[in-house]
Amino acid sequence: MKAIVLFGPPGSGKGTQAKLLRDCLQVPHISTGDMLRERVRSGAENGSPVAAKLQSGALVRDELVNRLVAERISQPDAAQGFILDGYPRTIAQAEYLGGLLEPRGLQQVVVYLSVNYNIIIVRLCARRQCPVCGTLYNMVSQAPKVDEVCDLDGHALMIREDDREDVIRDRLAAYDEQSMPVLDYFRSAGHQVQEVTADDLPPEEIARKICGILENNAVKADDRTQNRR
Ligand SMILES: [Zn+2]
């Protein structure tokens, strides 16, 4: 039983890894970004600043995300563990999570996806979206058949506002400032932090590496239990 916290800068591939790891670990993927977008879509956040914050990448207030996570992890499918993606992002959230997990005896393992910022900038700047059907492309890894044109409807592709280089640099700076102290907090609170370098490997290979680390880890934890007996 484990709570896996996927941690890493925007563009480090947390969402992709969370989906791949769900298959290997057989526990649900809990994305606070997805839950918040769903609330916006369903109208639950009408008149609140959540939608604007999601678009700009700004942090949504702690109380709301804390409550969403507390509700989600109390669902039966999360009883054997889960993968958190996009949470906790602040020290206050990390402390709250610790308070939720401790009484349940869930061990927290932080997987820190570290990616060179220049690689992130190249990766995100290469993203394009069709303004009509919304399909996402990447000029490096998932290029359309005809340059800068949507495969499905022939419309000229666009760069999303939050994928412009200056915006990406701002988001990375904000991450350094707000989230790096959270990593230090995890370490000082005694949680394992497993750093995985995710620079230029295919996502499947990174997921295999993480699964290997987590399995190894589970074996070691069993050893410790047996030694104690
Ligand atoms: Zn299109």
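Q: Which residues in α6 meet which residues in α7?
A: Tyr117, Ile120, Ile121, Leu124 and Cys125 in α6 meet Glu165, Ile168, Arg169, Arg171, Leu172, Tyr175 and Asp176 in α7. Contact means heavy atoms within 4.5 Å. The model is predicted: local features need pLDDT of at least 70, side-chain atom pairs count only at pLDDT 80 or more, and totals for chains, interfaces and linings use all residues. Residues are numbered from 1 along each chain as its sequence is written, and side-chain values use heavy atoms, with hydrogens and water left out.

Q: Why are α6 and α7 called oblique to each other?
A: The axes of α6 (residues 117–125) and α7 (residues 165–188) cross at roughly 140° and come within 10 Å. Angles under 35 degrees count as roughly parallel, over 145 as roughly antiparallel, 65 to 115 as roughly perpendicular, and the rest as oblique. Therefore α6 and α7 are oblique.

Q: What makes α2 roughly perpendicular to α4?
A: Helix α2 (residues 32–42) and helix α4 (residues 62–73) pack at about 105°, with their axes 11 Å apart. That angle makes α2 roughly perpendicular to α4. On the α2 side, Thr32, Met35, Leu36 and Arg39 make the contact; on the α4 side, Leu64, Val65, Arg67, Leu68, Val69 and Arg72 do. By class, this contact has 6 nonpolar, 1 polar and 3 charged residues.

Q: What coordinates the zinc ion?
A: Cys130 (SG), Cys133 (SG), Cys150 (SG) and two entries for Asp153 (OD) do, at 2.2 to 2.6 Å. Donors are N, O and S atoms within 2.8 Å of the metal (3.2 Å for Na, K and Ca); water is not among the atoms, so sites may look incomplete. Along the chain, the donors follow the spacing C-x2-C-x16-C-x2-D.

Q: Why does cysteine 150 count as buried?
A: Its relative accessibility is 3%. Buried means under 20% relative accessible area, exposed over 50%, partly exposed in between (1.4 Å probe, protein chains only). So cysteine 150 is buried. Aspartate 153, at 30%, is partly exposed.

Q: How do you know that glycine 81 is buried?
A: Its relative accessible area is 0%, so glycine 81 is buried. Glycine 81 lies in strand β3 (residues 81–85). Leaving aside neighbours within four places in sequence, glycine 81 is in contact with Lys2, Val27, Pro28 and Leu106.

Technical notes:
Axes are lines fitted to C-alpha atoms, for helices over the stretch in contact, and angles run from 0 to 180 degrees between N-to-C directions. Helices (H or I, at least four residues) and strands (E, at least two) are DSSP runs, numbered from the N terminus. Ala, Val, Leu, Ile, Met, Phe, Trp, Tyr, Cys and Pro count as nonpolar, Asp, Glu, Lys and Arg as charged, and the others, Gly among them, as polar.
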